[in-house]
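The report below goes through a few local features, one after another. Please read it alongside the sequence and the model.

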Amino acid sequence: MNEPNLNVDAQELDKFAQLAHRWWDPNSEFKPLHDINPLRLDYVDQTAGLAGKKVLDVGCGGGILAESMAARGAQVTGIDLGEKALKVAKLHLLESGQKVDYRLIAVEELAKEQPHQYDIVTCMEMLEHVPDPASVVRACAELVKPGGHVFFSTLNRNPKSYLFAVIGAEYVLNLLPRGTHEYAKFIKPSELGGYCRAVGLGVAGITGMSYDPFGKTYSLGSDTSINYLIHCRQE
């Protein structure tokens, strides 16, 4: 799968492959994904309305967000380049009874195959794991229908995010396995906004996501200094 022309980091794929069997364990290394999923899900649903929509989840992993969007009445396709994660996602459908079409394909390839086919495209916590995030943004813009919605979430790049998202989350609080994130790949909102506007996506809103280490809870708000969600509309 790791062909030279694919926008993928083989080490990143391997890192998540080692943990794939634990995707759906809410107390595993993926606990933060389980904890933030309701926030993301509600944000997408309240902003774009999931019921009856054709939705693509890019970098779906084990399917936590994809499956929950299907449960809200969306027709969901989930794509990833991690074979083990997709196998886990497909197996979990047998337990949940939800319907998601999972495919092992790069987003750039799907954009050539299915241009302007989706009402909503989500790409959560993936951009900071690929060599060329702008390429992913371009493909998402090509996949969404005119007037459709695109949602990205990623990590801001500044000293505070390094302190909290890397040192705090991986070394102090042990919320994530060490080495999960590479600080140099974090993306400032201004940079991501530039990638979006360059391919015809208008930035409709940016929302921050914060973690309270004492209450051990996540919340959405105006603080975009660490994690943030960006909502775009196809112009």
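## Proline 26

Proline 26 is placed in the loop between α1 (10–17) and α2 (31–48), where helices (H or I, at least four residues) and strands (E, at least two) are DSSP runs numbered from the N terminus. With 43% relative accessibility, proline 26 is partly exposed; buried means under 20% relative accessible area, exposed over 50%, and partly exposed in between (1.4 Å probe, protein chains only). Leaving aside residues up to four places away in sequence, proline 26 touches Lys31 and His34, a contact being heavy atoms within 4.5 Å.

## Basis of the model

This is a predicted model, in which local features need pLDDT of at least 70 and side-chain atom pairs count only at pLDDT 80 or more, while totals for chains, interfaces and linings use all residues. Residues are numbered from 1 along each chain as its sequence is written, and side-chain values use heavy atoms, with hydrogens and water left out.

## Aromatic pair

The count comes to one aromatic pair, under the rule that rings of Phe, Tyr and Trp (its six-membered ring) pair if their centres lie within 6.5 Å, with planes under 30 degrees apart stacked, over 60 edge-to-face and the rest tilted. Tyrosine 43 and phenylalanine 151 form this edge-to-face pair, at 5.8 Å centre to centre and 80° between the planes. Tyrosine 43 belongs to helix α2 and phenylalanine 151 to strand β5 (residues 144–155), so the pair ties together parts 108 residues apart in sequence. Tyrosine 43 is buried at 14% relative accessible area, and phenylalanine 151 is buried at 0% relative accessibility.

## Helix α3

Helix α3 (residues 64–71) is mostly covered, with seven of its eight residues buried. Among the elements covering these buried residues are α2, β1 (54–58) and α4 (83–96). Glycine 73, with a positive phi near 100°, follows α3.
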